[in-house]
Amino acid sequence: MSSTSILAGSAGGAPRSRWLWRITEYVPQIMLAPSVLFSFVYVFGFTAWTFYISLSNSSLLPTYDFVGFEHYASLWENRRWVVAYTNLFLFGSLYVIGGVAIGLLLAILIDQRVKGESIWRTIYLYPLAVSFVVTGTVWNWLFSPTSGIQAFVRTLGWTDFRFDWITDRNFAIYTVVITGIWQASGFAMALFLAGLRSVDHDLIKAAQIDGAGMRRIYWRIVLPAIRPIFIAVIVILLQYAIKTFDLVVALTVGGPGIATTMPAIVVYDFMFQRGQIAEGAAAAIMILIALFGVLVPYGFWAWWRTRREAARG
Amino acid sequence: MRKYAYLAAGAVALSLAFGAAANAQPKTNLLHQWDNGSDAAAIAKLGEMYTAAGGEWHQTSIAGHTANTLAKLRADVVAGNAPPAVQLKGPEIAEWNDTGMTANLDELATAEGWDKVVAPELIAVMKPKGSWVAAPMNIHRVNWLWASKAVLDKSGITALPKTWEEFNADCEKIAAAGFICIAHGSADWTDATTFDSIVYGMDIDLYRKAFVEGDVDALRSDGMIKAFDQYRKMIGWMDPGIPGRAWDAALAMMTSGKAAFFFMGDWTIGTLNAGGFKEGTDYLCDQAPVDWGKPGYILNADSVVFFTQKDPDYIEGQALLAKTIMSPEFQTVFNQAKGSIPARMDVDLSTGFNACQVKSQKDLQASIEAGTLVRSMAHNMTVLQKYRGAMMEVITEFVNTPDMSGEDAANAMADAVEAQM
Amino acid sequence: MASAVAAYDPLATSGARRRAGAMVFVYALLVVFAGYYLLPLAVIVLNTFRDLPEIQRTGLIGLPSSFSLSAWPEAWAHYCVGGTCAGISRNFWNSVELVIPATIISTAIGALNGYILSKWRFRGSEFIFGAMTLGVFVPGQMSLLPWAFILGKLGLTNTIAGLVLVHCVQGISFTTLFCRNYYVNIPDDLIKAARIDGAGFWRIFRKIILPLSPPILIVTVIWQFTGIWNEFLFAVVFSSGEGQPITAALIALTGGGTSVHQYNVEAAAVLIAALPPLLVYFFGGRYFIRGLTQGAIK
């Protein structure tokens, strides 16, 4: 549709100058432009600056003398960074998988025509309204062996009850997982529930007529139909996982020792506590690299799928 | 007519400029991390005194870890908006001084005679390149040993241990009597605080070489391994709930009679006072054990650094703030609240101060005379943050990793520091 | 909205008793999970009513032995935080001043962007959409110094306006994502018909898109409101003195440093701080699901 017809219709009168026509044709782009500018500066500009800083000798303040990749080298020699990076993958995968699983489970449960649905939904959804700092703090109270759940259960009579993961180097990371899932799985549940509700009933009816059992209907029809929801949930959970900072600081302060430290905390510590901005920037770039390690394969897979579906007609 | 307008405008501008300089209303905005509780109350006193002296008081307090305050400082500096006054300490004063952005306080210092009244070890920190750039607010003592009189009595111990050998023997007795010997809450700074006292007490030269100078060989030495081994023994006398326990919860273990000893700096005093505990009857205080038989003192000091400003109000305000901070009245009031002792050695502590604070001042003098005064690594008074952070990571890992040997820890610490060089 | 399996109730075919049994199982699971989710809230609420010595004695989980309301006014008006002892009320209103404009602006821009990127596609618009969406992954620690630099150049350091700018730009990534994926489900024929009738860019937006938008706008508003209200890092670094938002006060909870915890007052402070987002969730929750149901996410 050409813009001239639109203009003729809406102006309903005298012809306008060519200049005005051209502008009007590009109104969408013009309106989009400021957002694009800001976003691109934010995403690409900041990343490029961070990358350049990671190659500089910035310490207390950003400076711009190039020194090459030495900060990346010293970063990987740092025990704490190695632990943090490993934690990112360990925590990230458990958090995303757990969040998806529990969110889906809760959505399916609520979908079974349960009574008082809005109450259940509110109960599972409200954690996202709470800030990470508060979440971490309260769960820190709960996990504490001397004044939390372990102590409480012991006062009830089970004097040998143990739940001291948060003080155990090898298990503390799982407390972070539990807390993280508590916070975000409600949102996953909401997304899945919305998706389940929008599945085409005809498909289900057809399967029912064919005599399929409930499990097969869910597995073969319903879940594949909400595949885009899975993507959305994973994106949301993934960006939370990468940015995990306040939650861990409030929950374990990266401890016991350095057992639950996360990359975002290391970045912050290097950049601000220790006045080693270049090293912190290198750590930040490594976080982005980990992210791209996940996004790029997905991007290829999605592109390959669209092509396959287009080919199928 | 236009000419007159210009003239008039020029006259007005000039008079405003002169007026501004002459009528600069001193104001300040102190950036600090004493955000809540008794710390906030102490800073509030500074505000009161500042306002009483005619200044306009603003403050930005940032809770949580020091990193948050430093993040804000850096952000403000990068934005071209350095704060007029910031709480900074130790080697950071020198680092920021190197950027050339700090204000010079020499004029005020000479007029007020600061060089005569501040402890010599501290002066070096406040004058990194020979000029005063920071005003010290207090002196904390890090190497305190706190003990529960009740538990000691019940375990048959009559005096606080003077050496580490005596300490170990006492712990055996206390453990046998069924108490926890050492109350502790593990965090990177609390673990390092205790270790400060251990290394210092076992070998003061090792402390100086390893923690004040950051010498890698000293970090790797046998002396350091022995210190870690002693620490491992002590961890055996702590209860298993140490990770994540807040330091004041650990203190509560001592005051409630569950544990005997507690290693912590003198900010403990503020909490003890608030809890109504009395020195001598409820708790005892003395220096942490030393093996070389002289009075010892590990020093930590809070101070305020000033960044050069363009606004004349802020410039005036800085001088006024520095003056207020160094005034004997402020030093008295502030330190009574905080549990530390004044940075000025000429302040009389006989009224309003806790017995341990009085002892702290006496011990400081004695330590200066004996030549044993050092600054604290755990509290960021010696090596640069990048080395300190590396050391503290290993120390806290050691505390929380039962199968990490002293040798592994010493090597790890040396390696980590070396990697930053 | 009817349940996915409303038309087909699989459990019914196995007989009423088996269905009842399965439903018991369903409810049992729901209750167990509800416990997991409600436990922290219960602990916090109970702790606001206990007094401090009791908490220090018996730990943080427990019923109040003496019911006391003093923690609430203490938290609001007397709690020593932010370097003064004036409670968190000041911080609370600062947050309100920050969050409302930031939410409105970022939602409005997101809606506009979503409209453009779904209905007025042009060459490169998909790439632009993808690139803008990448913004959701940028960690705050990384963007802190660049933002400081930009705010400094714009003269917006330590102002609410500066914080609004930061949150808007960062929010655009989320709001555009939500809105665009919602608007793609609006049939293109509707747009085409309007254009044939002579409607331009703005008229279509006002007459067609906006009336259909409430569900997704509410989703976006809830997301942004909660996110910005609870955000800590920028709130602390890009504000100063009396202008600090409420998260700056909450950080005191993580208790770095050498002060003592007043757990009951802190719990009250936490609840006061969490109240606006919680209320937004309680009242908006219904629309939240509805907005998502109508295909918010592709």
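How many Å separate the centres of domain 1 of chain B and domain 2 of chain B, taken over C-alpha atoms? The answer for this predicted model is 35 Å. To find the two domains along chain B, look for domain 1 at 2-137 + 302-347 and for domain 2 at 144-295 + 384-419. Where they touch, domain 1 of chain B gives 7 residues to the contact and domain 2 of chain B gives 8. On the domain 1 side, at least two residues come from each of α4 (91-98) and α17 (328-338) of chain B. That side of domain 1 is made up of 2 nonpolar, 3 polar and 2 charged residues.

Staying with chain B, let us turn to a sheet. Here 3 strands make an open sheet with mixed pairing, in the order β5-β10-β12. The edges are taken by β5 (140-141) and β12 (373-375) of chain B, each of which has a single partner strand, so one side of each has no neighbour in the sheet. Strand β10 (residues 297-300) of chain B pairs with β12(B) in the parallel sense, over 3 bridges. You can pick out B:Y297, whose bridge partner in β12(B) is B:L373. Across β5, β10 and β12 of chain B lies helix α18 (residues 355-370) of chain B, which runs at about 110° to β10(B).

Finally, look at how two chains meet. In chain A, 86 residues are in contact with 78 residues of chain C. Helix α3 (residues 27-54) of chain A supplies the largest share of the chain A side, with 15 residues. By type, the side of chain A that touches chain C has 61 nonpolar, 18 polar and 7 charged residues.

Terms used:
Residues numbered from 1 in each chain as written. Chains lettered and ligands numbered in written order. Predicted model: local features only at pLDDT ≥ 70, side-chain atom pairs only at ≥ 80, totals over all residues. Domains from an automatic or database assignment. Contact = placed C-beta atoms within 7 Å. Helix = DSSP H or I, 4+ residues; strand = E, 2+ residues; numbered from the N terminus. Nonpolar A, V, L, I, M, F, W, Y, C, P; charged D, E, K, R; others polar. Pairing = 2+ DSSP bridges. Axes fitted to C-alpha atoms, helices over the stretch in contact; angles between N-to-C directions.
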